[in-house]
Amino acid sequence: MPSSLHKLSAVGLKSLPPGKHEDGGGLRFVRRKDGTTAWVFRFTIHGRRREMGLGPYPDVSLKAAREMATEYRQQAKRGIDPIAKREAEKREAIRNLHVVRDVAQDCFEARKAELKGDGTARRWFSPLEIHILPKLGKMPIAEVDQISVRDTLAPIWHEKAETARKAANRLNLVLKHAAALGLNVDLQAVDKARALLGKQRHEATSIPALPWQEVPGFYASLGQGITELALRLLILTGVRSAPIRHARPDQINLGARIWTIPAELVKSRKGATGDFRVPLTNEAIKVVEDALRHAGEVLFPGQRGKPISDMTMSKLMRDRGMEARPHGFRSSLRTWAEETGQPYEVAETVLGHVVGNSVERAYQRSDLIEKRRVLMAAWADHVTSKGQAEVVPISGVQG
């Protein structure tokens, strides 16, 4: 062994006085006046003299310090700056410590402001929580590739196609969020996984709907219980079940014959729409007045005064042996409107659908409330006629 190396001994380190003690080859043992110690490696790179700390003694032994010095000495000889290389390795290690679960949660927190109810229902997060995180949650996000994504989505890709699509989209957003954080990720991982998984075999199925010709008969069969009154108003207005279940007496202006559904109950991205006004027909007013006799904080209270559950109306129809479900009455209404020649824009607006492109919407500020009032009156006439009355198209109505 060259005499210029390994000048120190493990036994003698403890008794060395304060000062700088050379072991050779650039390795130095430093004992300060306060008794603390440190290993320092000195080297020259590109004509520049540099020093790097290797850690304190005895945390870093003489043997370990020599091994590090040998490695760094070889790097310097190859023109590699050991300090720059170590810092790069630290940064990479920090990136790799960001696991998918943590980044997904951070992504969710960042998006809460644009989600209904600030994401309290966690519907946005649930596809990740149920289908992605159990398998990938503990994986460093830098290691996520198309193979890991494919293997994660494969069990639901065809059997639960819509769920798989949502899970893939959410994961793609998480990867974009990671990239925005400066993490080293493959932004194409999800798209490449989709290519590996192939075209989904599953065909989307529509929610079963009652043919519009049969709606009057079903409507006539409904009684005056809370659930039946809720179904009556749902059929007459064409709104989704959530606004019905959460309807409050103070949302309804009987004088103006308008029910104003607050924006947080309107299905859309938060901030993308405002409150939605629903014109109330004579029959709808009658249903509301009947419901007010049961109402508390909400128009259709369930147990302990809370809104009836999401499944209450569906259960009533299922118990009658029907395949159709409450949401399907929106389809019944839309099909009736199409087959009886109602104006397209009015029929779409009745259902709360966006009509036209962004430019058209910028100029069309009206919610067509009066045209919708006429259409809904015609629908109510049909619903309460048991299918006997002829429905006259309203295409000639002026707004």
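Trainee: Which residue in strand 7 stands opposite I261?
Mentor: This is a predicted model, where local features need pLDDT of at least 70, side-chain atom pairs count only at pLDDT 80 or more, and totals for chains, interfaces and linings use all residues. Residues are numbered from 1 along each chain as its sequence is written, and side-chain values use heavy atoms, with hydrogens and water left out. Strands are DSSP runs of E with at least two residues, helices are runs of H or I with at least four, and both are numbered from the N terminus. Strand 6 and strand 7 run antiparallel, joined by four bridges, and the residue opposite I261 is F276.

Trainee: Which strands are the edges of that sheet?
Mentor: The open sheet has three antiparallel strands in the order 5-6-7, where two strands pair if DSSP finds at least two bridges between them. Pairing on one side only marks the edges, strand 5 (252-253) and strand 7 (276-279).

Trainee: What is the bridge partner of N253 in strand 6?
Mentor: Two bridges join strand 5 to strand 6 (residues 258-261). Their hairpin has four residues between the strands, and R257 takes a positive phi near 60° there. The partner of N253 is I258.

Trainee: What angle does the direction of helix 16 make with that of strand 7?
Mentor: Helix 16 (residues 369-384) packs on the sheet and touches strand 6 and strand 7; contact means heavy atoms within 4.5 Å. Axes are lines fitted to C-alpha atoms, for helices over the stretch in contact, and angles run from 0 to 180 degrees between N-to-C directions. The angle is about 40°.

Trainee: Why do the buried residues of helix 7 line one face of the helix?
Mentor: In helix 7 (residues 189-197), A189, V190, A193 and L197 are buried, that is, under 20% relative accessible area with a 1.4 Å probe and protein chains only (exposed is over 50%, partly exposed in between). The arc is taken from the directions from the helix axis to the C-beta atoms. These buried residues line one face because, seen down the axis, they fall within an arc of 90°.

Trainee: Which helices do they pack against?
Mentor: Just after helix 7, G198 takes a positive phi of about 85°. The buried residues of helix 7 pack against helix 5 (146-157) and helix 6 (161-180).

Trainee: What is the relative accessible area of D23?
Mentor: D23 lies in strand 1 (residues 19-24). Leaving aside neighbours within four places in sequence, D23 is in contact with residues including H6, L62 and R66. D23 is buried, with a relative accessible area of 2%.
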